[in-house]
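Please open the structure in your viewer and keep the selection tool at hand, as this tour goes from one residue to the next.

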Amino acid sequence: MKRHCARSRQTTRAELAWSEQRWKIRSGGQPRETLRMGSRDLTSADLDLFGLLTEISELTDASEVPTLLAKLLDIYGLKSVAYLGAGISGRPQDGPYLAVTYSPEWVQHYKTARFVDIDPAIQVGLRRMLPIDWREFDRKNKKVRQLFGEASEFGLGRRGISLPIHGRHGERSLLSITSDAGERDWRRLRLEYMRDFQIVALHIHEAILRLAGGQPVKRASLSPRERECLLWIAEGKTFWETAMILSLSERTVRFYLESARHKLGAANTTHAVIKAGKANLLSNLP
């Protein structure tokens, strides 16, 4: 469950202040906490992310999505967030689903100028499997340079990342974020953004399918062993300790956890525990 994290490095005063600001926004001023899950401590940054994922899963109406996106601006210090969903079943007459924090003026100007035809965030991003930093886009085309120049004038950040989502029903979506961070800060923040927003993007997409696509998200079917392994990890046990409790080999425990992670569509074991808990899959074990 170990993973590389930019916060593991020695932090500067500015970084600590930014981390503290994010925590206060999410916690309402509550003191920081550190929990234990498996073999890794959960920092306040992890709790921050888990709280956000819970909030996304509890959305009850598609009209709440823009408000949630606006909240991301404060949590992560962004200039804009945009979600575009194409091919979402249940809304063929309505076309793509769009939720943005852009100003209405920029949305209208974007449509009038037909920037969608040359916007690399969409033309390239939707075909990608992995997140793409906007610095990778070819800006030799005059119209592309015009797009990014005018986007900045309308309040979008100078730097951006687009995160593609390829759904299991053939739908494709894109979550794009922008920032005005300086070059030095961007090298650090982009790693944090790519880590967090790959998970956030999946949860937002799942919520859109549930709320606007007319397509319920199926409840994962886990085996008793998969649920038991997740339960003990949720209780703070390591892989080895879980293996001892269940009289299994550590390799077998890892196999069950990986299988559960795949069924739940989770990014890692910690994420799988969170999703299983929200789906009430860790209770009423035989």
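Begin by selecting R190 and D133, both of which are buried, that is, under 20% relative accessible area, where exposed means over 50% and partly exposed lies in between (1.4 Å probe, protein chains only). R190 forms a salt bridge with D133, with 2.9 Å between the closest N and O atoms, a salt bridge being a side-chain nitrogen of Lys or Arg within 4 Å of a carboxyl oxygen of Asp or Glu. This pair links distant parts of the chain, 57 residues apart, since R190 belongs to helix α7 (residues 183-211) and D133 to strand β5 (residues 132-133); helices (H or I, at least four residues) and strands (E, at least two) are DSSP runs, numbered from the N terminus.

The model is predicted, so local features need pLDDT of at least 70 and side-chain atom pairs count only at pLDDT 80 or more, while totals for chains, interfaces and linings use all residues. Residues are numbered from 1 along each chain as its sequence is written, and side-chain values use heavy atoms, leaving out hydrogens and water.

Finally, select H271 in helix α11 (residues 269-278), a residue that is buried at 1% relative accessible area. Apart from neighbours within four places in sequence, H271 is in contact (heavy atoms within 4.5 Å) with L53, I199, H203, G265 and A266.
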